[in-house]
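Keep the structure open as you read.

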Amino acid sequence: MDCTHRSSRYRSLSCSCEAGANFGRRGLLQGLGALAALGAAGCTTSAPSASAPAWIDTHHHFYPPEYQKAWLDWEDKRGIPHFTQQVAWSVQGALADMDAAGVRTAILSIASTPGVWFDWPAPEVARIVRSCNDYAAGMVRDHPGRFGLFATLPMIDVDATLKEIAYVFDVLKVDGVGLQTNYGDKWPGDPAYKAIFDELNRRKAVVYFHPLVATCCGRLSVGTFPAVIEVPHDTTRAVTSLLLSGTLARCRDIRWIFSHGGGTIPMLAGRINFFHGNAKNAAQIAPNGIEAEFQRLHYDTANATHPASMAALLKLVAPTQVLYGSDYPYVAMNTQVAALRALGLPDTSVQAIQRGNALRLLPQQRG
């Protein structure tokens, strides 16, 4: 979810949305509740028939009991109201909602703020990361064909992260890894993460990014809550960080996925190119040009299915680079399915977004 606060391990204990937070957070809860109600009232689709291909949701959150309790306790200590959709989450509820929306397979990932940190020391972070990955692997095992996994990683400790990469790929056989767009205001192009991305590149991994509010910017308010403006911009910061650090050019075998239609990348691609396309190191960071780097990334549709958003994204990239994502449970899966169908895209594009592009990236979901 586009969350609005983050762990004080990397910032002061005050949450990024506490200035006017209760009103903003409750407003967000009311808005999300209305969106879910709209989906239930008018956008529900039938479960997939045996003859029709079903949707693959690449942006689908889950809540192991220990993780759920830690998150709710973390919010309680800060006086932050809980998301009712999160509190009510269950495996069986997720399966029922998937059936109603025509979603065959959901690729699980941990939601964003506060990630898995909770102001805990690094060894405890590594422990809960392992616990979350094992829980999700159990969901995959117990419900064949219904779930996949983008495993979470500690990131704040490089050695622990490399060990978890080996575990999730070699033992759990996951589909990829799910990362945050920043960790304590270190974006992914930071040299601290070089060894991690080099290992993911060696494994030709799928690397999925979910945004969160950067600690620098959570209090920048124009009357809305940070999720509305700051979250999509943090995806843009992450992509730009990977580009300008040379990580995208160096790690050519990673398959990258960015949430919410790439944040503001479709709107700012030309501006980024204008300022950096003729830089002295342009050939090193973008061998085929900056726009070509953006065009080889993948982007999910979560909360980005408005006609204007999709028009901008599909003007930058081919439909082959777009994946269906819902942001469940915060956004109902069926609303995103209905919105995509209403765009009037060619059938071939809809089918690619529906599942074809995901299957190309995640071949073990073909079964």
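Q: How many of the six residues of strand β3 (residues 147-152) are buried?
A: This is a predicted model, where local features need pLDDT of at least 70, side-chain atom pairs count only at pLDDT 80 or more, and totals for chains, interfaces and linings use all residues. Residues are numbered from 1 along each chain as its sequence is written, and side-chain values use heavy atoms, leaving out hydrogens and water. Strands (E, at least two residues) and helices (H or I, at least four) are DSSP runs, numbered from the N terminus, and buried means under 20% relative accessible area with a 1.4 Å probe, protein chains only. Strand β3 is largely enclosed by the rest of the structure, because the buried count is six of the six.

Q: Which residues of β3 point the other way from Phe 147, Leu 149 and Ala 151?
A: In a regular strand the side chains alternate between the two faces of the sheet. In β3, Phe 147, Leu 149 and Ala 151 share one direction, and the residues on both sides are buried. Pointing the other way are Gly 148, Phe 150 and Thr 152.

Q: Which are the edge strands of the sheet?
A: Strands of a sheet pair through backbone hydrogen bonds, either parallel or antiparallel. Here eight strands form an open sheet with parallel pairing, in the order β1-β2-β3-β4-β5-β6-β7-β8; two strands pair if DSSP finds at least two bridges between them. Each edge strand pairs on one side only, and these strands are β1 and β8 (322-323).

Q: How many bridges pair β1 with strand β2 (residues 103-109)?
A: Strand β1 (residues 55-61) has seven of its seven residues buried, so it is largely enclosed by the rest of the structure. Ile 56 has Thr 105 of β2 as its bridge partner, and His 60 stands opposite Leu 108 in β2. The two strands pair in the parallel sense, and the number of bridges is five.

Q: In β4, what is the bridge partner of Thr 152?
A: Strand β3 runs parallel to β2, joined by three bridges; Ile 107 is partnered there by Gly 148 in β3. Three bridges also join β3 to strand β4 (residues 176-180), again running parallel. In β4, the partner of Thr 152 is Gly 178.

Q: What is the relative accessible area of Met 98?
A: Met 98 sits in helix α4 (residues 91-101). Leaving aside neighbours within four places in sequence, Met 98 is in contact (heavy atoms within 4.5 Å) with residues including His 60, Thr 105, Phe 147 and Met 333. Met 98 counts as buried because its relative accessible area is 0%.

Q: How far apart are the C-alpha atoms of Phe 258 and Val 239?
A: Phe 258 lies in strand β6 (residues 255-258). Leaving aside neighbours within four places in sequence, its contacts include Val 239, Leu 242 and Tyr 299. Phe 258 and Val 239 are 19 residues apart along the chain, yet their C-alpha atoms are separated by 8.3 Å.

Q: At roughly what angle do the axes of α6 and α7 cross?
A: Axes are lines fitted to C-alpha atoms, for helices over the stretch in contact, and angles run from 0 to 180 degrees between N-to-C directions. The axes of helix α6 (residues 158-170) and helix α7 (residues 194-202) come within 9 Å. The crossing makes α6 roughly parallel to α7, a label for angles under 35 degrees. The axes cross at roughly 15°.

Key: Parallel < 35°, antiparallel > 145°, perpendicular 65-115°, else oblique. Buried < 20%, exposed > 50% of the residue type's maximum accessible area, 1.4 Å probe, protein only.
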